[in-house]
Structures are given as structure tokens and as C-alpha cells.
Amino acid sequence: MGNVLTIVLQRLAFGLITLLIVSMVIFIAVNLLPGDFAELILGQGATPEAVASIRHDLGLDQSLVTRYFGWLGGMLTGNLGTSFAQLNFQTNLGGGGGVTVAEQIAPRFANTMFLASVTAMIAVPIAVTLGILAALYRNTVFDRATNILTLSSISSPEFFMAYILILFLSVLNPILPSLSNIYDGMAFGERLEKTLLPALTLTLVVTAHMMRMTRAAIINLLASPYIEMARLKGMSPMRVIVKHALPNALAPIINVIALNLAYLVTGVVVVEVVFVYPGIGQLFVDSVKIRDIPVVQACCLIFAAAYILLNLTADILSTLSNPRLRHPK
Amino acid sequence: MYGLSRRGLMKSGAAAGVLGLTGMPLRAATMGGKFTAGLSGANTSDSWDSRTHSDLFMIASAQGAVFDSLTEVAADGSLRGELAESWEATSDAKTWTFNLRSGVNFHNGKAFGADDVIESLQMHLGEESKSAAKPIVEAITEMKKLSETQVQFTLAAGNADFPYLMSDYHICIYPAGMIEEAIEKGIGTGLYSVVAFDPGVRMVAKRVADHYKGDTAGFFEEIEYIAINDNTARMNALMTGQVDAINRIDFKTEALLKANPALRIQEVTGNQHYIFPMLTDVAPFSDVNVRKALKYGINRQEMVDKILQGHGMVGNDSPIGPANQYFNADMEQLELDADKAKYYLGQAGLTSLDIDLSVSNAAFEGAVDGGQLYQASAANAGININVIQEPADGYWSNVWMKKPWCASYWSGRATEDWMFATAYEKGAPWNDSNWDHPHRQSLLIDARAELDSDKRRGQYYEMQQILRDEGGVILPMFANNVQAVNNRISSPETIGNLWQMDNARMAERWSVA
């Protein structure tokens, strides 16, 4: 197990370096966007004095490098800063505490995680089962139909799938609400009901990848001698696949599932906007719109961290699932 | 009137008949029920600080439900008191005395009085203030508390419209001594008190039990405003019955909404207008004949038909619209006329004219197409417009009022003077045509302090005529406010046209059918 621990530590260290580079890229990219918070919040009412006053209050008149290191320093001490929007109001009020970025993001992030978990709960079992069945009945009508369906749903843009689902499930047959405006203190059942449509949309988007990988990984193994042996012993095809092929195919499958879970956290932006789901994706869009850099950066970092951590988890799990890696000579 | 269904017409026709016969109020509104609206214009940066409000979501939540102002513009455009019961001015319109309503309480129980008014107005002052109402409040030189229910304002210069200015949605009244707390929690004197507020997501409020407006307004038991900035999502929410009303209909999908018998579309022409302002102190626009040539080079009706898809009214280069008291509807309409345009070019000593027009859809939806239509219609008169598409980001800082000719918009103002003082007065920061016309300027100053309504009408008519004839702003169209409501909700016959959604006061004026 010492080996695994080394890998984890190593990967964590690399993850941190990646995050640092990502933070730089984000900072430069966001600052390259034309227009800034002061101009956008004032809109047509932007007089040079008002713009300068807001810029000064927010420290936007300092150099890029100063601002970056100021932000990085805050980051390292666990302070994500205060959003420009909130700061602007504070100066309007003449001091007083405002909502920090962390406080602003926390409930939104929880909502996004909820959506991601509901989706994962639906998508992962479906995808793996479909993959196994497709491998079992490969090249049959069932296999072809599953492939065509999942591939066409992954090839369509998310918003299109979202509108198709809205059309069928809430306009023509009013079963599910098209508006996912969940809020704190909502009963769990109601919350689940409101989350179902976006979760189904995301399911359609992520299933194909996982299902295809499961199918391919299993079929790949079906040609190996030990499977031949199992078959010659007279085991049923289902048993051969689930008992003998699947455990050895787990590593690539876990990898793909982890990647798709990361996608569920980071790729929900469009779906959240369509369903008016108050998650981190919508906050991200709103913040980019007004160039609220602290919030945008925090969101980006969370996205990046989610990717890195889930990939790490995938690596560890696939190591653990492989006895040869678990017990190196 | 567009978008009136047959059912709606019969209903309104019948109702008007009843009104004519009895002179009674149109309906006895049902009390109770919940109203849910999907509104655009919401932001994660929203707060209960009325100084920062600029879009519908917060205007409807604050002035429209939770807070009150001194005065209020009624749906028919007349001014009435809200927290002020009455007001009077000295003959020079310089000193205004407001009699405040007594027995009014804030949602936290504090009694409303003169101090609250004075302190709420002072919020907008100070060097650091970024309040959009700062120019209005700055014009007050002295605020005096005469008694608990009487406040006196002394203005630097006479202003007959002062009570109108007090209805500005930036000037909400907060409880004195606890303004910060009131901004944090949303404590006002309005019909509804805040239950939940999540910036950029939703606002829920419930009816205050013993409100000074009694049973004349605020008919819902509970209201919920959901932030839906995405056009399609907003429409979906209405179509699937998740919300009762939405603002800003997408014209492209309007037919779908019309086809739904459970919905009705409300359309009003207000003061919102789209413009092409030119800097009148920059050549060639400094020549009045060039400006006149340009006025005859644009096809206004085509703009209304193609850019607004019919949902608007042709403009006549004056920013005073149908929601204004002294709107001059009888001015001769400017039309596309290549011969006249050529004639005025000749007067300017030119045979042809090459000019740049900077546009972006940040100015208004369809501004780029508008520029191209203008280019096509002006070409016949020898005016070659080079349409430059500018980036949307930073448009208001880098293009508007910087480039000699560009596209822009105004949401309009409740009074003539307010509109002129904002965008057509010499030295005003947003005078986007750098307009300086000595005679009109003196008319503006005179009319501002004039309390005689007939005299004022004459003055404002003349000013509109001057802008039509010589002004540096091409104003081809007024854009309608179009919104849709579920038939579960009933709304009065007259819908306010100053702002979207019945002047953002639907929580106050509408009820469950």
C-alpha cells in the first residue's frame, strides 16, 4: 500500500502545481476580456469619474501583477476574497461586512453537487448496465439501437436535449416542472422532482461515453484465453461477463466514469441556465457577464480542482482494482 | 393596440361598457392567492439598496413591492401621493412642502416620519455616492423637518416637476437610523414584507396585514419573483404554468404565446426609444443642414417593421413619448425623402457625404441591422454611411459619446424636463449629442420653474419642434413594452407604460382572477 500512498502524494503535488498554472491562465484570460466591472455595472451611466471611483475602490487601478499576487496570497490563507459586486455595495454603504466569495459560492456549489449526484445515481448504473448488455448481445439489434440512441444524444448540444425533454415531459405531458428553481429549506421530494429534468438531460449527455467504454473494455477481454476457458467450463455468457470479464475491465471504466463525473460538476453551465437551476454554473455565467473577477476565478479554480481530484481518484481506484499494481514485485 | 386576443377584446369591451354606465371601479379585486413572476434583469449583485437599482427585477421587488416612495406615477401617468399625502409649492416652484401620511409603519414596527424622508434622501449625497439619483437630490439646498408629518425642501432653482422626481425608483424611503440594516434585510413600508431574498435567484414576500393602502392595492397573499434572464427559459416557464407572468417577450416566439388560450399579451407604448445620436460640435454634424439631410435619409417605418417587428411607434426625433404629459403628437412626421435630403446636402454645400456610423447590439437589440437599413435608405440621397460594428463590451465607455455618430437608447423619463435635463441640456454628463441651443436652453430653464400647465405645454411643444427640426439625435422609433400574463391573474384595463410590467407595480395592482 506504500506504493499507492506515494502515488497519491505525488499526484496531489502535481495537482497543486497544475492549479497554480490554471490560476495564472484564468487571471490573465479574465483580464484580457474587454470591459471591466466598473464599466459593465455602470452601463450607459458610466461617467469617467464614476468608473475611476469604482476602480479605485476595488483596487482595479493597480497593476496586474500586484493584483495577482494579492489574490494568490489571499487564496493561500483560505480567503477567496469578496466579490466586486458586494464590495461595491459596501463602499456605497460606507463599510460594514459583506458576503465573501466563499459564502456566495458555498450554497450554489452544494446545489450543483446535488444535481451531479442525482445525475450520477441515474447515469452510472444505466450506462454500465447498458454497456454490459451491449457487450453480451453485441452486433444484435439491441446493441445497434443502444449505440445509435446514446451516440445521437451525446452528439446533440445539451440545450437541444434539454428543450426536447421539456417539450415531451413538461409541455406535451406535464409530468415534470421545466423550472428547477430549488431553494434552501425545500422538502427533499420536491427538490428531487425539480432536479429531475436537468438530471435527465445530463444523463443523456454523459451516458454514451461510459456505456461505450464499458462495452469496448469487456469485448476487448472476451478474446482472452481465460474467458475462453470460462466459456469451455460451460458458464453462462452473463456469468462470464459479470464474474470474469468485468473485474478486469474495471480500470478503464472507472477512468471514464470519473471523467464524466468531473464533467457533471464543470459542464453544467448551459443546463443550469436553461432550467434556471441556481448552481455554480449560473453564478459563473452571471459573474462573467459583469466581470466579477474574484467569483469567476474562484469558480474556475473549483472546476479545475474537481477535475484534478476526480482524475486522481480514478487513478487510485484503477490501481486498487488491479492486483498487479496493488502488489508490485 | 397589439396582441389583444378576441377574448380579451370582448372582456375589455364589456368592462368598458360597465364602467361607462356605472362609473364604478372596474372590478372588485379578489384578495389572496399567490403570484409568481419570471423576470429578467436580475443579477447576483442585486441588493435592497435602491441607489443601485437599474433593471426590472429589483425595481419590481423594491419600489414595486417592499418599499414606498414619496410619490407614485399611476398607471394613467398621473402623479399621486404614496408616503406623501399632498404637497404644495411656492409660486417660484423653489420651496416644496410635503405633508406625510401618518400612521404608517415600517415592517419592523418603526413608525414612519419626517426624519425617515430626510435621511433616505441624504443617502444619495456625498462625494463618494454612486447613486443614480444624485443629480435629483443635489438640487435640494435645504431639507427642513417642520413637524413629524411635514417636510420642506428648498431647491437651488425652481422645478415644477419636483414631486414627479420623488417617484424615482432610486429614491425609496428607508427607516432613519437603521438604513444599513434595512438595506441588508429589506425593511420598507411597502405592501409586502420580505420572506426570502436570494440575489440573482428569487425574492419571496408576503402581504403586510395592516397596511395603510388597505384593500385598494396589494391583492395577493404572497408574491414570488423568480430570476429568469434567459428568454427561452422565461417563455417555457410561462407556457408550462410555472409562473403567472413574464416580462420582455421575445418577438420571434410571440406567435406561440398568442396561440395559447390560457395567456394574454400586454403591449404598451412607452417612452423607451432607440436613437442614433451625433456629436453636434463635430464636423460635419455641426452643420444643421447635414443633420437635416440625415433626418430625411432614414426610413422610420421600415425600422419599426423590421427591427421591432411592428412592436413600436415611429419617432420624430424628440425623446418625449406617449407616456409623457406634454407629448406633442401633432408634429409633422419626418419621412424618408431623398429629394429633401439632397436639397439640404446642397444647402450644406455638398453633393455627397461620407460618414461613419458606429453600432453594436449593446446599444439596442437590432442596432447593427438598423445601421444597415439606414445605410441602404440614405444611399439614394448621396449619403454614404459606413456602418462600423463595434464590440459590445465597453461600448458605453469607448463608443457612446466618443465616436461622432453611434447607436444608443434611452428608457425614457416620466417628465419632459427630466428627459431633457438628462440627455439634452448643455453641460449634462449624458448629453449624447453635445447639444447646445441657446434659445431651447432658455426655454428649458423657464419651463422647469413654470407652474402654469398651459404655458408649460406651449414651451415643451416648442422644444420638441426644435429637436425635430434641428436636433442632433435621429430617433427613429419608440419600442413597446411587451409582456405576457396567465389568465389566472387579472390586471386593470390601464397598464402603466413608464416601465415594464405595469410600471413594475404588478404586485400592487394585479390580482387573482
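This briefing describes selected features of chains A and B, grouped by topic.

The structure is a predicted model, in which local features need pLDDT of at least 70 and side-chain atom pairs count only at pLDDT 80 or more, while totals for chains, interfaces and linings use all residues. Residues are numbered from 1 along each chain as its sequence is written, and chains are lettered from A and ligands numbered from 1 in the order in which they are written. Helices (H or I, at least four residues) and strands (E, at least two) are DSSP runs, numbered from the N terminus.

**Contact between the chains**

- The contact draws 36 residues from chain A and 34 residues from chain B, where two residues are in contact if their C-beta atoms, placed from the backbone, lie within 7 Å.
- On the side of chain A that touches chain B, the elements giving two or more residues are α3 (48-58), α5 (84-93), α8 (158-172), α12 (269-275) and α13 (280-289) of chain A, and α5(A) gives the most, with 5 residues.
- By class, this side of chain A divides into 21 nonpolar, 13 polar and 2 charged residues; Ala, Val, Leu, Ile, Met, Phe, Trp, Tyr, Cys and Pro count as nonpolar, Asp, Glu, Lys and Arg as charged, and the others, Gly among them, as polar.

**Helices of chain A**

- Helix α9 (residues 188-222) of chain A packs against helix α11 (residues 237-266) of chain A at an angle of about 150°, with their axes 8 Å apart; axes are lines fitted to C-alpha atoms, for helices over the stretch in contact, and angles run from 0 to 180 degrees between N-to-C directions.
- That angle makes α9(A) roughly antiparallel to α11(A), since angles under 35 degrees count as roughly parallel, over 145 as roughly antiparallel, 65 to 115 as roughly perpendicular and the rest as oblique.
- Among the residues that meet in this pair are A:Met210, A:Met213 and A:Ala217 in α9(A), and A:Ala249, A:Pro252 and A:Ile253 in α11(A); the contact as a whole has 18 nonpolar, 4 polar and no charged residues.
- Helix α10 (residues 225-232) of chain A is hardly covered, with 0 buried residues among its 8; a residue is buried if 20 or more other C-beta atoms lie within 10 Å of its own, exposed if 12 or fewer, and partly exposed in between, with C-beta atoms placed from the backbone.
- After α10(A) comes A:Gly234, whose phi is positive, near 95°.
- A:Phe159, in helix α8 of chain A, counts as partly exposed because it has 16 C-beta neighbours inside 10 Å.
- Leaving aside neighbours within four places in sequence, A:Phe159 is in contact with A:Val270 and A:Val274.

**Strands of chain B**

- An open sheet of 4 strands in chain B has the order β4-β5-β7-β6 with antiparallel pairing, where two strands pair if DSSP finds at least two bridges between them.
- The edge strands, each pairing on one side only, are β4 (84-89) and β6 (140-147) of chain B.
- β4(B) pairs with strand β5 (residues 95-100) of chain B over 5 bridges in the antiparallel sense, and B:Ala89 stands opposite B:Trp96 in β5(B).
- Helix α3 (residues 114-122) of chain B packs on this sheet, touching β5, β6 and β7 (150-155) of chain B, and its direction makes about 165° with that of β6(B).
- Strand β12 (residues 263-277) of chain B is mostly covered, 12 of its 15 residues being buried.
- β12(B) is joined by 11 bridges to strand β17 (residues 473-486) of chain B, running antiparallel, and B:His273 has B:Phe478 in β17(B) as its bridge partner.
- β12(B) also pairs in the antiparallel sense with strand β16 (residues 408-410) of chain B over 3 bridges, with B:Tyr409 in β16(B) as the bridge partner of B:Tyr274.
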